[in-house]
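Subject: Structure for you, with notes

Hi,

Here is the structure I promised. Please open it alongside these notes.

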Amino acid sequence: MNIQDNYLKNKKNIFFSENKDIETHRAKLINIFENDRFDKKNNESLKNINLKNFIDFKYKYLTPEETSVINNNQENSYSIVSVNGQCSSFKDDKIEISKILDEDYNDFSENNTIEKNDHFVNLNSLFLNSGFKIIIKKNNNIKIKISNIITDDDLTIFQKNNIICEEGSSLNLIEEYENKNNSTSNILNVIKLEKSSQLNHFLIQDNSPNHNLIITSHSSCKKDSTYIQKVYNFSEGYVRNFHYSELTETNSEADLQGIFFLKDNNTSNNKTFVKHLAEDCKSNQVYKGILNDRSKATYFSNTHVDQVAQKTEGYQLSKGILLSDNASYFSKPELKIYADDVKCSHGSTIGPIDENAIFYLRSRGMSKIAATKILISSFINEELSSIDSEQMSEIIQKKLVRYLSKVK
Amino acid sequence: MFLEIKDLSVKIENKNILKSLNLNINKGEVHAIMGPNGSGKSTLANVLAGKEDYEILNGKINFKDNDLFDLNIEERAQEGMFLAFQYPVEIPGVNITPFLHSAINSKRKRMNEEEIDNLSFAKLLKSKASDLGINIDMLKRSVNTGFSGGEKKRYEILQMSILNPDLAILDETDSGLDIDALKIVTDGVNKLKTNDNSFLIITHYQKLLDYIKPDYLHVMVNGSIVKSGGPEIAAEIEKDGFQKFQ
């Protein structure tokens, strides 16, 4: 079925299909799909995937019953269960959770950093069927854990979330994606950090082989705000992490980090993009991958420094360990600098595990497999030791041990 | 015989390095090998430790009644062989203390000995480190990472004293050491020497042999041992260089 027929057939289940402006926008998107030649060479969103599988899909969505938001006032912490991309409304003096509205749609569609030819984001806009909005109110310090649950096989979740950290607020957000069913989640998070706010955003991805997760985020940071994102991808199914940040006002900071652990025939596509649009801002983009068997990964990183963004500090680093001759990791760091007083760097190192280090450890009595595992753990030691939450650290360690148990 | 190398020929990347090499070491003996650059000394050390880059063309090595080629790298270490590296590898993120603890326990396991617990190991490590003038703070760091040349060599000797090997091979342990560090390192070796263990010391210079007295000295040139005798050969080398042996 082509995109247009698929859309028209399911229109009644799709958000905002009564809104004329949104419908006009969607007509344009359908037109793109019908006329695009899907140039794999020049479109990063098409690398390593069979787009046909994602375009020619059977739409299926089930609206969930009311879900829970648990508030633990003593610790300023909240647990949210998002079912099929939706969660119940909730409001107190610190946070507000609601369904997304027509007016939020502009935040998603008018975003100019996300590439216009990102077909997955376009699919998300077309078939939008879920999503929520979280507002952290001024000067509050909050912890939220979101468990993302999908109830059935063959569901196609197209979800947009809006997260707003108001002035002076601080949010520690852990998102867990651990789905065992055969479904596809296409999620766009639009994150706004107001003046002097901070968001530490952890994404733990651990889906089963038949679950596809396509997650895109766009964060924008105002004066003195900081966005830190850490992605831990242990999924056995396809995962796409594309994350964009805009530093729009002075002294703001974006730190986009990720680690992925791949095996079998799995694929992961990753991209980070930071746009420096003001003076005295800092950014850091670091992705590390461990690839076994016939797994494949890509990582595109990009720092764009506008001509007004003097005194920018922007760093990029990509590192990969290939545990098998059949694994591949394509990495492409880019810098576009239009200001003259900046400190920027990028680097990429991908290769097999260091045989000299293996020999050294074995010569002290350690088995080859133990030496390999210790070297993998040491490769991501910096990232693991920087996790300051004991609970998070325990979760990640357990998943790492599970991954290492399959390394032969 | 403790270690018996018979007619050993080895090549790497189509280049013959060791050529019909013979060497016997008995329990309690200290042997030194001297030779010019490129004579194959480090290759011999690496082949003994089990490095897999080399192709064994011919020969046999027996170590403590085992055919050495039947043992992989870690089994050789667990059987009591230790190589102090010429260039110890930096391994960021691997902490020294748990690494050494796991190394000693892998050896004990093979010997059917009880594993050493955390507390006893910490005490042992602390006392051995202090004997070698190693700062306790260094034990909190990653293996060889950011160490000076002298620290790396001292740390090799620390590992050796913890693992207490039956046969220790020191591959140019003296290179890059100043006189004070050389004294500390060689004191460490001398303290470890008993009638039950043996040493194979590889060096360019006679200087090291002023501090560790070998029972036998061998001159290695172009992949073979061309002369064996007592420590007095060192004086000959010092006087005339390796030229006369070639």
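Why is strand β14 of chain A largely enclosed by the rest of the structure? Because 10 of the 10 residues of β14(A), residues 253-262, are buried.

First, the ground rules. This is a predicted model: local features need pLDDT of at least 70, side-chain atom pairs count only at pLDDT 80 or more, and totals for chains, interfaces and linings use all residues. Residues are numbered from 1 along each chain as its sequence is written, while chains are lettered from A and ligands numbered from 1 in the order in which they are written.

A residue is buried if 20 or more other C-beta atoms lie within 10 Å of its own, exposed if 12 or fewer, and partly exposed in between, with C-beta atoms placed from the backbone. Strands (E, at least two residues) and helices (H or I, at least four) are DSSP runs, numbered from the N terminus.

**Strand β14**

In a regular strand the side chains alternate between the two faces of the sheet. In β14(A), E253(A), D255(A), Q257(A), I259(A) and F261(A) point one way. A254(A), L256(A), G258(A), F260(A) and L262(A) point the other way. Both sets are buried.

β14(A) has two parallel partners here. Strands pair if DSSP finds at least two bridges between them. Strand β12 of chain A (residues 226-233) pairs with β14(A) over eight bridges. There, Y232(A) stands opposite I259(A). Strand β16 of chain A (residues 282-291) is joined to β14(A) by 10 bridges. L291(A) in β16(A) is the bridge partner of L262(A).

**Between the domains**

Chain A is split into domain 1 (3-356) and domain 2 (357-408), with bounds from an automatic or database domain assignment. Their centres, taken over C-alpha atoms, are 27 Å apart. The contact takes 19 residues from domain 1 of chain A and 17 residues from domain 2 of chain A. Contact means C-beta atoms, placed from the backbone, within 7 Å.

β14(A) turns up again: three residues, the largest share of the domain 1 side, come from this strand. That side has 11 nonpolar, three polar and five charged residues. Ala, Val, Leu, Ile, Met, Phe, Trp, Tyr, Cys and Pro count as nonpolar, Asp, Glu, Lys and Arg as charged, and the others, Gly among them, as polar.

**Between the chains**

Chain A gives 14 residues to the contact and chain B gives 18 residues. On the chain A side, α6(A) supplies the largest share, five residues. By class, the chain A side divides into six nonpolar, six polar and two charged residues.

Best wishes

Technical notes
Contact = placed C-beta atoms within 7 Å.
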